[in-house]
Amino acid sequence: MPPPCDRVWTHARIATMRAGVPVIEDGAVGVRGGLICYVGPAGDAPDAVEIIDCAGRWITPGLIDCHTHLVHGGDRAAEFEMRLAGASYEEIARAGGGIVSTMQATREASEDALVASALPRLDALMAEGVTTVEVKSGYGLDLENEAKMLRAARRLGEARPVSVATTFLGAHAIPPEFAGNAEGYVDLLIERVLPAVAPLADAVDGFCEGIGFSPAQIGRLFAAARQLGLPVKLHAEQLSNLHGAELAARHGALSADHLEHLDEAGVAAMARAGTVAVLLPGAFYFMRDSKAPPVDALRRAGVHMALATDCNPGTSPLTSLLLAMNMGATLFRLTVGECLAGVTREAARALGLLDRVGTVEVGKSCDLAIWDIERPAELVYRMGYNPLHARIWRGR
């Protein structure tokens, strides 16, 4: 009879991140066929083909970055200089910068070039223990280029040992060819683009803002997405309060993201719907914002909170989920436990993947991060330091 496990990591301190489950102080994790087959005391661990002694290191679930724009052409360093000189996000966007400038660079780039430029950003995330990453489109803004972006995102998961969740974000900005005709662009998305790209997307997102799309327009898009069987999520309440979070909740959204201007009605709606609040401190920091998301209200209402990098060229060129945790604690006053849950269990929930990843428990994918730390708080406390010892994806 072969051993019951392919391999076992033993003599580890395991933060399973299962709600209410304490740390396993001298624990072991076993894998068979890429799935976790044992979590428990090291002394009770089953036999395995390979046994790896962790020598007291910590094991957490592999980290999950649940909101990124990894695939894009060009950069916006020049706009960074403009912002330092006093220009606002809205002023830059209305002057032809912002998302539209990245759109032009993305349209000009080949699919191969998009993959090649995104891989170093992905590698930086993986080097810190990320095993699942969400990647949005939204810089193509037409059928050909949105599909190109989604194909490039899927190829990242073929080029690297990482799980990629793709999100269609065609409603990210109004392209120049539809200037002054947002309704016509939304019609195009619903009638032509969304049905064509649906096989490449795991979810649909939108940007609900005065410089983006109205709640009514997003509502139309979400209804079309749900008819195609795609879950939805929303950039909401980042720059103003258009009650996007309430809209997202009405459509059963997986998440509402940013949320700096979220009000009590939005918090209550998210709590009722089980919509996850994805907090993005990198954008808050980079844009020098002063209004933080209402973390206390979210906490009191029992809204699940995730953290992500929002890696993008214009407002959060961040490729460190560890730094995002430190920012979440320092800028938004999240606890260590909330930060760790936010990049594991709650990030998985925000992607609709909690049945597969996000915690260390039997039956889930064996995605682990093994850390050279004395306590989990070190993962949140340090800045610019990476204590990752090993990254395990699907048991390898």
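Student: Which residue takes a positive phi in the hairpin of β2 and β3?
Tutor: Strands are DSSP runs of E with at least two residues, and helices are runs of H or I with at least four, both numbered from the N terminus. The hairpin leaves two residues between strands β2 and β3, and the residue with a positive phi near 60° is Gly 33.

Student: What kind of model is this, and at which pLDDT do side-chain atom pairs count?
Tutor: Residues are numbered from 1 along each chain as its sequence is written, and side-chain values use heavy atoms, with hydrogens and water left out. This is a predicted model in which local features need pLDDT of at least 70, totals for chains, interfaces and linings use all residues, and side-chain atom pairs count only at pLDDT 80 or more.

Student: Which residue of β3 is the bridge partner of Ala 28?
Tutor: Two strands are said to pair if DSSP finds at least two bridges between them. Strand β2 (residues 24-32) and strand β3 (residues 35-41) have six bridges, and their pairing is antiparallel. In β3, the residue bridged to Ala 28 is Gly 40.

Student: Which strands stand at the edges of the open sheet?
Tutor: The sheet has eight strands with parallel pairing, in the order β6-β7-β8-β9-β10-β11-β12-β13. An edge strand has a single partner strand, so one of its sides is left without a neighbour in the sheet, and the strands in that position are β6 (63-65) and β13 (305-307).

Student: In β11, which residue is the bridge partner of Ala 236?
Tutor: Strand β10 (residues 233-236) and strand β11 (residues 255-258) run parallel and are joined by four bridges. The residue of β11 that partners Ala 236 is His 258.

Student: What angle does the direction of α6 make with that of β8?
Tutor: Contact means heavy atoms within 4.5 Å, while axes are lines fitted to C-alpha atoms (for helices over the stretch in contact), with angles from 0 to 180 degrees between N-to-C directions. Helix α6 packs on the sheet, where it touches β8 (163-171) and β9 (203-208), and its angle to β8 is about 155°.

Student: How are α5 and α6 oriented to each other?
Tutor: Helix α5 (residues 143-159) and helix α6 (residues 182-197) have axes 10 Å apart and pack at an angle of about 20°. Angles under 35 degrees count as roughly parallel, over 145 as roughly antiparallel, 65 to 115 as roughly perpendicular and the rest as oblique. The two helices α5 and α6 are therefore roughly parallel.

Student: Which residues of α6 make the contact with α5?
Tutor: On the side of α5, the contact is made by Leu 143, Ala 147 and Leu 150, and on the side of α6 by Arg 192, Val 193, Ala 196 and Val 197.
Student: How many residues of that contact of α5 with α6 are charged?
Tutor: Ala, Val, Leu, Ile, Met, Phe, Trp, Tyr, Cys and Pro count as nonpolar, Asp, Glu, Lys and Arg as charged, and the others, Gly among them, as polar. Here six are nonpolar and none is polar, and the number of charged residues is one.

Student: How are α4 and α5 oriented to each other?
Tutor: The axes of helix α4 (residues 111-126) and α5 come within 9 Å and cross at roughly 50°. Helices α4 and α5 are therefore oblique.

Student: How are α6 and α7 oriented to each other?
Tutor: The axes of α6 and α7 are 10 Å apart, at an angle of about 5°. That makes the two helices α6 and α7 roughly parallel.

Student: With which residues is Leu 188 in contact, leaving aside its neighbours within four places in sequence?
Tutor: Leu 188 lies in helix α6. With those neighbours left aside, the residues in contact with Leu 188 are Phe 178 and Val 193.
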